[in-house]
Amino acid sequence: MSDAAESVANDSLLMSLALPNDSIESLQEDVTLLARSGGMAAFDVFSSARRLRDEARALVERTRRPVELADLYVVIGQSAALMASTAFDLGHWNESAALARASTQYADLAGHASLKAWTYGLQMTLANWRNEPDSALSYFARAMRTAPEGEPRLRLRYVAARSHALLADSDSVAAVLEAAQRDREAAADRPDELATVTGGEFAFGDARAAACAAAAWLDLRNGEQAARYAREALQVYEALPSPRRPYSQINGTQIDVAAAHLHMRDKDGAADALRTVLDLPPQKRNVSLTGRLSRIEHMLSQSPWDRDADARQLAERIASWLSETSARPLT
């Protein structure tokens with residue numbers, strides 16, 4: 001009896017099942033800090049997220065406990081999502097799409113509905129940027145079947161607004177933004193842990209919501225509505241403490257303000273909105289910003305700006321900015 005009890009107490013299988021609590025907790029803390037690092041350059045975020053993903057994968061090989069596996073799958077899914085988001089910023093669209101799919105799969109393995117909804121939203125965003133709104137709306141339908149009420153659904157609807165705008169469907173844009181208001185009310189009563197505890201890149205909030213709405217109205221060439229929502233987003237961003245201000249989103253919204261002014265035939269307002277953007281150092285430029293600025297350059301090449309000397313000068317400065325900007329390889 002004594003020998004049997006001792007053999008169970010010293011069972012190597014049982015001793016190998018559990019990981020030290022601080023191992024997983026440390027990874028969870030690190031991925032939270034990384035998600036909140038709004039001022040970090042995209043390449044550095046990618047490298048840090050890859051390291052966290054690899055560390056979590058190594059721990060998966062050392063445990064059989066379902067609870068620990070679920071926690072590690074969440075860390076891997078979040079890390080892959082951050083890698084996908086920054087790979088997109090660095091201009092690696094195929095790699096970004098593959099990482100986004102992987103993050104969805106890990107979120108599903110972990111049974112984490114909020115993370116799964118977030119990763120579907122990322123795939124919607126990628127489809128929108130590839131000008132594939134039908135694919136984006138297909139992801140939207142899948143996401144809404146599992147997305148928790150509140151902020152996860154709120155975010156998905158705002159991304160879907162951009163998809164409908166790409167299809168030139170202004171009625172659907174208005175309808176989905178109206179439906180999002182009901183999600184906003186639900187979010188007040190049902191705080192989402194991914195958005196509130198992890199936060200950062202995984203939070204949506206009023207600023208990103210307004211920025212999404214601005215982008216949708218820009219696609220519909222409605223300068224007044226786009227400027228209204230873009231300024232609303234900037235007000236929220238500027239109220240944040242400096243270290244928490246996401247430079248990419250702020251500068252992207254500034255470019256959208258400039259585009260809105262051009263739609264309203266206000267060249268000076270557009271030039272003023274672009275001042276800080278055109279001063280960004282190369283390491284803080286990304287494909288989201290270059291894509292937006294390329295559209296501004298195209299707008300300035302068309303009537304009524306193609307014969308305006310000041311507009312040509314602004315277009316030349318944008319062209320120089322674009323020529324200096326290049327994505328770094330993912331190694």
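The radius of gyration used here is taken over C-alpha atoms, and the globule rule is 2.2 Å times the number of residues to the power 0.38. For 331 residues, that rule puts a compact globule near 20 Å; the chain has 22 Å, which agrees. The structure is a predicted model, in which local features need pLDDT of at least 70, side-chain atom pairs count only at pLDDT 80 or more, and totals for chains, interfaces and linings use all residues. Residues are numbered from 1 along each chain as its sequence is written, and side-chain values use heavy atoms, with hydrogens and water left out.

Start with the whole chain. Along the principal axes, its C-alpha atoms fill a box of roughly 95 × 40 × 35 Å. The chain has 18 helices and zero strands. Helices (H or I, at least four residues) and strands (E, at least two) are DSSP runs, numbered from the N terminus.

Next comes burial. A residue is buried under 20% relative accessible area, exposed over 50%, and partly exposed in between (1.4 Å probe, protein chains only). Of the 331 residues in the chain, 50% are buried. The accessible surface of the chain comes to about 16000 Å², and carbon and sulfur atoms hold 48% of that surface. These areas come from the Shrake-Rupley method with a 1.4 Å probe; for residues, only the protein chains shown count as cover.

Now contacts and charges. A contact means heavy atoms within 4.5 Å. Among contacts in the chain with a separation of 6 or more, 67% join residues 24 or more positions apart. The chain carries 37 positive and 45 negative charges, and their mean positions are 4 Å apart. Lys and Arg count as positive, Asp and Glu as negative; His and the chain ends are not counted. Each charge is placed at NZ of Lys, CZ of Arg, CG of Asp or CD of Glu.

Trp-93 is found in helix α6 (residues 93-110). It counts as partly exposed because its relative accessibility is 27%. Leaving out residues up to four places away in sequence, Trp-93 touches Phe-88, Trp-129, Arg-130 and Val-287. Val-287 is 194 residues from Trp-93 along the chain, yet their C-alpha atoms are separated by 9.6 Å.

Val-176 sits in helix α10. Its relative accessible area is 9%, so Val-176 is buried. Beyond four places in sequence, Val-176 touches Arg-157, Ala-160, Ala-161 and His-164.

Move on to helix α14 (residues 247-263), which holds His-261. His-261 counts as buried because its relative accessibility is 10%. Neighbours within four places aside, His-261 is in contact with Arg-231, Asp-266, Gly-269 and Ala-270. With Arg-231 there is a polar contact, side chain to side chain, at 3.0 Å. A polar contact is a pair of N or O atoms within 3.5 Å; within protein, one must be able to donate a hydrogen and the other to accept it, and residues adjacent in sequence count only if both atoms are side-chain atoms.

Arg-228 lies in helix α13 (residues 223-238). Its relative accessible area is 45%, so Arg-228 is partly exposed. Ser-85 is 143 residues from Arg-228 along the chain, and their C-alpha atoms are separated by 27 Å.

Helix α17 holds Thr-290. Thr-290 has a relative accessible area of 15% and is therefore buried. Leaving out residues up to four places away, Thr-290 touches Trp-321, Leu-322 and Thr-325.

Finally, look at the backbone. Most residues other than glycine have a negative phi, and most peptide bonds are trans. Where does Pro-304 lie? Its place is the loop between α17 (287-300) and α18 (309-324). The peptide bond from Ser-303 to Pro-304 is cis, with omega near 5 degrees.

Asn-131 has a positive phi, near 60 degrees, and is not a glycine. Asn-131 lies in the loop between α7 (113-129) and α8 (133-146). With a relative accessible area of 52%, Asn-131 is exposed. Ala-168 is not a glycine either, and its phi is positive, at about 60 degrees. The loop between α9 (151-166) and α10 (170-189) holds Ala-168. Ala-168 is exposed because its relative accessible area is 61%.
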